[in-house]
Each structure stands twice: as C-alpha cells, then as structure tokens.
Amino acid sequence: LTPRERSILNLGMIAALGRMEEFVTHTRGALTNGMTPNEIRAVLTQIAVYCGIPCGVDCFRHAKPIIDELSKVAGVEVDYGAN
C-alpha cells in the first residue's frame, strides 16, 4: 500500500477504536502523505456513516484545527459542507 492508502486505513481504524489523540497525529500524517484536506473530509464522512455520528463528530472536531492550520499554510480552501 502507498503511504496515502495506509493513511486512509489508519484514520478509519483509529477512529473506530476511539483513539482521538492518535487520530490527531494521523490526520497530520495523512496530509503529509499526500491526502488533500477534502479527501480527509470525505474519509471523516465515511467514518461518521460506519462508526456512528458521535464518533464522526468527534473526528471532525479533532481533525479540523489540523486541517485548517495546514490548509492555511498551503493556501488550500477546504469545503466542510454544512459543518
């Protein structure tokens, strides 16, 4: 698997385990491994669907500051939809 593909899997598994401190670390790593902020948002949506809305909301809450920080540096606009 590519680093990007491993990041997608890691985010899903860590979310399912409810390890939010690790989730923050792996969100940063996913961006480093080539995922775009909007791809991470799409993964977070899948987490909410398959792991439950409370887990998905918690993941969005933890990932958003990291995504916003790194997106600002890169000059990328992130679409959070209704969030």
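Which residues does Ser7 touch, not counting residues up to four places away in sequence? Ser7 touches Gly29, Ala30, Asn33 and Met35, where contact means heavy atoms within 4.5 Å. This is a predicted model, in which local features need pLDDT of at least 70, side-chain atom pairs count only at pLDDT 80 or more, and totals for chains, interfaces and linings use all residues. Residues are numbered from 1 along each chain as its sequence is written, and side-chain values use heavy atoms, with hydrogens and water left out.

**Helix 1**

- Ser7 lies in helix 1; helices are DSSP runs of H or I with at least four residues, numbered from the N terminus.
- Ser7 has a relative accessible area of 6% and is therefore buried (buried is under 20%, exposed over 50% and partly exposed in between, with a 1.4 Å probe and protein chains only).
- Ala16 is also part of helix 1, which covers residues 3–17, and Ala16 is exposed at 55% relative accessibility.
- Ala16 and Cys51 are 35 residues apart in sequence, with 5.9 Å between their C-alpha atoms.

**Helix 2 against helix 3**

- Helix 2 (residues 20–32) packs with helix 3 (residues 37–51) at an angle of about 140°, and their axes are 10 Å apart; axes are lines fitted to C-alpha atoms over the stretch in contact, and angles run from 0 to 180 degrees between N-to-C directions.
- The two helices are therefore oblique to each other, since angles under 35 degrees count as roughly parallel, over 145 as roughly antiparallel, 65 to 115 as roughly perpendicular and the rest as oblique.
- Helix 2 contributes Phe23, Thr27, Ala30 and Leu31 to the contact, and helix 3 contributes Pro37, Ile40, Leu44 and Ile47.

**Salt bridges**

- The whole structure holds four salt bridges, each a side-chain nitrogen of Lys or Arg within 4 Å of a carboxyl oxygen of Asp or Glu.
- One of them joins Glu39 to Arg4, with the closest N and O atoms 2.8 Å apart.
- This pair links distant parts of the chain, as Glu39 is in helix 3 and Arg4 in helix 1, 35 residues apart.
- Glu39 is partly exposed at 28% relative accessibility, and Arg4 is partly exposed at 30%.
- Arg61 pairs with Asp58 in another salt bridge, where the closest N and O atoms are 3.6 Å apart.
- Arg61 and Asp58 both lie in helix 4 (residues 53–74), three residues apart, about one turn of the helix.
- Arg61 is exposed at 56%, whereas Asp58 is partly exposed at 25%.
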